[in-house]
Amino acid sequence: MTSLCQKGYCFAGGNEIKFSEECGVFGGISYKYPIAPYIQQGLFMLQHRGQESAGICVGERNPFIYKNKGLVMEVLSDRVISKIRGRMGISHVRYSTQGGSDTTHAQPYVVTYLGEKVAVAHNGNVKAAVEMRKNLEKQGEVFITTADTEMILKKVIRELRKAPSKWTFEEVGKVLTENFTGGAWSILFFVPGKIFAYRDPMGYRPLSMCESIDGVFVSSEDTSFQMLEGKSVYHIQPGEGVEISRDGFEVKRFAEEMPSKKCVFEHIYFARPDSNVFGKNVYSSRVELGRKCALENPIDADIVIPVMDSGFAPAIGFSQQSGIPLQMGLMRNRWVGRTFILPEQQMRSTGVRRKLTPIKEVLNNKRVVVIDDSIVRGTTSREIVRLLKESGAKEVHFRSASPKIVNTCHWGVDIPTKKELIANKYDDTCGIRDFIEADSIAYLSIDGLKDIFGRDGWCYSCLLADCEKPENENSTKCAKLSESVC
Ligand code: SF4
């Protein structure tokens, strides 16, 4: 498995990428005009979900496919888009959490089956992919990429070959459910004359659809629909999908309801604040996270400052709750190169300083509470603390608007290895405080997080240590791990 962030440290168009998002999908049918400009705009709104590559598949029976490494507006430039005809298509932005990161791995993946083209665009990760791929290889299947998405496509084709029926929404949904339940897949299929969209039965990743006067569209996040007029948005439920054709669209259930596992990090970090994910506005969630963090971890300080951008909404909440004024103590440099990988520790530090500039007039002689959405390796947090102190801050108190991250993710989010996570390097929170050189540190508690989102229906897996499983919950190590303040 290749992962840029495992190789080094990366920044992308917006935030520092502490752990990587796992892709975004957009597709649909436009009623009157070529769909390519709709796709360009819809996919552009998902840029934060993947910056490695972008791709488009547009047409009806013999679609035009174009994909490459780069950002949406670089790959799908106005020049490219103006040449693409056709009113039906799917598209994808990618960050590799599984499989390689070269152009071959850019999606949509397309194959020709019985003389017609079939394409797929996938957001998520399928845990069983490695084993299943080995089995398929033993049966003579060949693969061009190392990604689970190609494996899904090939498996679907193999299964449908056995059936007399062809590409129906129900048949594809059945193959997906029977083979990939337990994995995360918000996935679009382009088949001759139709688009099928599916959200896995546990609903790890979001998927929304929109009917408007311009057409019918599906997207990883509903913020993609902002440019559409006369719209009605529906959030596709776990185990549901939508079939779209020139004749119209139909939302259908293809799998039984299961206990859902919505990824809580969609709200903490990944999704855009202007999106509504799993029925909840992301900005509002983040403000709540900040408020709760302030309630749990009161502190006497002069100013609250956010680590821009994903720490901004939690900092607003922290400030509202604590009454400590919110200030802009760190300026984010928006014009830093879009993506770069800095392999050495020395260069990582430089990366933080290229990205964030202190405003000394705000910080000088102040007791500062700095709010970030989460702490992953701790190296960025330490660099921020150093930067603030060098800029005159009298005290720096670090607050994380999420609990400690202690586990990796098997559902498509590129969290570093367990041993790289700062929460696993120290037995107690004071060790983390000392490492990042702050005067105090505090995390939102896991109970606090669950108070906001609910006990059930969410995936909290990367925030729960093995010792927090019911059989181990009294272990001393666990008690120390779950301490959230020092
Ligand atoms: S393990 Fe964490 S990042 Fe992965 S799906 Fe669950 S909550 Fe999301």
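Residues are numbered from 1 along each chain as its sequence is written, and side-chain values use heavy atoms, with hydrogens and water left out. Because the model is predicted, local features need pLDDT of at least 70 and side-chain atom pairs count only at pLDDT 80 or more, while totals for chains, interfaces and linings use all residues.

**Overall fold**

The chain has 17 helices and 26 strands; these are DSSP runs numbered from the N terminus, with helices (H or I) of at least four residues and strands (E) of at least two. Of its 486 residues, 60% are buried, where buried means under 20% relative accessible area, exposed over 50% and partly exposed in between (1.4 Å probe, protein chains only). The accessible surface is about 18,800 Å², and carbon and sulfur atoms account for 50% of it; the areas come from the Shrake-Rupley method with a 1.4 Å probe, and for residues only the protein chains shown count as cover. Contact means heavy atoms within 4.5 Å. Among contacts between residues at least 6 apart in sequence, 70% join residues at least 24 apart.

**Strand 6**

Seven of the seven residues of strand 6 (residues 88-94) are buried, so this strand is largely enclosed by the rest of the structure. In a regular strand, side chains alternate between the two faces of the sheet. On one side of strand 6, Met 88, Ile 90, His 92 and Arg 94 are buried, and on the other Gly 89, Ser 91 and Val 93 are buried too. Two strands pair if DSSP finds at least two bridges between them. Strand 3 (residues 24-30) pairs with strand 6 in the antiparallel sense over six bridges, with Gly 27 bridged to Ile 90. Strand 4 (residues 53-58) also runs antiparallel to strand 6 and is joined to it by six bridges; here Ile 56 stands opposite Ser 91.

**Nonpolar cores**

A nonpolar core is a set of buried Ala, Val, Leu, Ile, Met, Phe, Trp, Tyr and Cys residues joined through side-chain atoms within 4.5 Å. The largest has 41 residues, and Val 264, Phe 265, Leu 449 and Leu 463 touch the most other members. Elements giving two or more residues to this core include helix 8 (265-270), helix 9 (282-296) and helix 16 (446-453). Domain 1 (4-260) and domain 2 (280-482) each supply at least three residues to this core; the bounds come from an automatic or database domain assignment. Beyond its neighbours within four places in sequence, Val 264 contacts Leu 449, Phe 453, Trp 458, Cys 459, Tyr 460 and Leu 463. A second, separate core of 30 residues includes Ile 152, Leu 153, Trp 185 and Phe 196.

**Aromatic pairs**

The structure holds 18 aromatic pairs. Rings of Phe, Tyr and Trp (its six-membered ring) pair if their centres lie within 6.5 Å; planes under 30 degrees apart count as stacked, over 60 as edge-to-face and the rest as tilted. Two of the pairs are listed here.

| Pair | Centres | Planes | Class |
|---|---|---|---|
| Tyr 204 and Trp 411 | 4.9 Å apart | 15 degrees | stacked |
| Tyr 426 and Phe 435 | 6.2 Å apart | 45 degrees | tilted |

Tyr 204 lies in the loop between strand 10 (194-199) and strand 11 (208-211) and Trp 411 in the loop between strand 24 (395-400) and helix 14 (422-425), so the pair ties together parts that are 207 residues apart in sequence. Tyr 204 and Trp 411 are both buried, whereas Tyr 426 is partly exposed, at 28% relative accessible area.
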